[in-house]
Amino acid sequence: GDTDCTVDGWMNRGCSFDGDGDYVMIDVDEENLDGSQTLAGWFKSTGTIPGPHQTLVCTDTDYMYGIKLMPYKNFKRVVLWIGNGTDETAPYTSFDVIDGEWHFLAGVYDYESGYAHIYIDGNLSSSTNVGQWDIPVSGYGAIGIEYHGLGSYSFNGTIDAVSYTHL
């Protein structure tokens with residue numbers, strides 16, 4: 001993609017995504033994401049989006065694999081999507097973050113307890129018991145895009161200070 005990572009972000013410089021296939025790849029040096037995961041980042045959505053949701057960050061770009069933190073336009077919610085290649089779960093919270101303002105999103109999957117937690121602007125918004133998932137990955141995650149092949153659900157706006165933690 002033609003991602004521009006020299007624009008003003010929330011904290012420093014952010015990356016600008018135009019909703020048309022821009023992304024930044026993440027090397028997920030794991031074969032299986034067993035244990036707890038946290039995905040987080042600042043974002044400001046601008047303009048329209050090409051699909052029902054945008055992807056802030058994901059641990060796998062392949063369909064049905066990994067963990068994905070996604071704001072949904074159509075349903076005014078934030079989803080922490082978890083998939084193992086065959087099955088999926090998508091705990092969510094109802095909160096409209098596609099509003100042109102800066103928001104901090106964090107999705108935490110706690111393997112030991114089986115709970116998925118979603119934080120919006122520093123506040124716990126949802127906790128859902130999804131059970132324990134062993135999550136295979138292809139080795140590449142991304143910022144600003146996810147599954148259905150690169151280009152399907154692209155982010156439109158600015159993303160800054162993204163983090164992924166695997167414990």
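Rings of Phe, Tyr and Trp, the last taken by its six-membered ring, pair if their centres lie within 6.5 Å. I kept this cut-off beside me while I looked through the structure, which is a predicted model.

**Aromatic pairs.** I looked up how many aromatic pairs the structure holds, and the number is 6. I began with W10 and W102, which form a tilted pair with 6.0 Å from centre to centre and 50° between the planes. I then noted where the two sit: W10 lies in the loop between strand 1 (4-8) and strand 2 (13-18), whereas W102 belongs to strand 10 (residues 102-110), so the pair ties together parts that are 92 residues apart in sequence. For accessibility I found that W10, at 42% relative accessibility, counts as partly exposed, while W102, at 19%, counts as buried.

I went on to Y109 and Y111, which form an edge-to-face pair, with 6.4 Å from centre to centre and 85° between the planes. Both Y109 and Y111 are buried.

Coming back to the tryptophans, I saw that W10 and W102 belong to a cluster, in which ring pairs link them with W42 and F104.

**Charges.** Which residue lies over the face of Y92? I found R77 there, at 3.7 Å from the ring centre.

With nitrogen and carboxyl oxygen required to be within 4 Å, I noted a count of 1 salt bridge. The side chains of R13 and D8 meet in a salt bridge at 2.5 Å, N to O, and I recorded both R13 and D8 as exposed.

Note on methods. Residues numbered from 1 in each chain as written. Predicted model: local features only at pLDDT ≥ 70, side-chain atom pairs only at ≥ 80, totals over all residues. Heavy atoms only, no water. Phe/Tyr/Trp six-rings, centres within 6.5 Å; stacked < 30°, edge-to-face > 60°. Helix = DSSP H or I, 4+ residues; strand = E, 2+ residues; numbered from the N terminus. Buried < 20%, exposed > 50% of the residue type's maximum accessible area, 1.4 Å probe, protein only. Lys NZ or Arg CZ within 6 Å of the ring centre and 35° of its normal.
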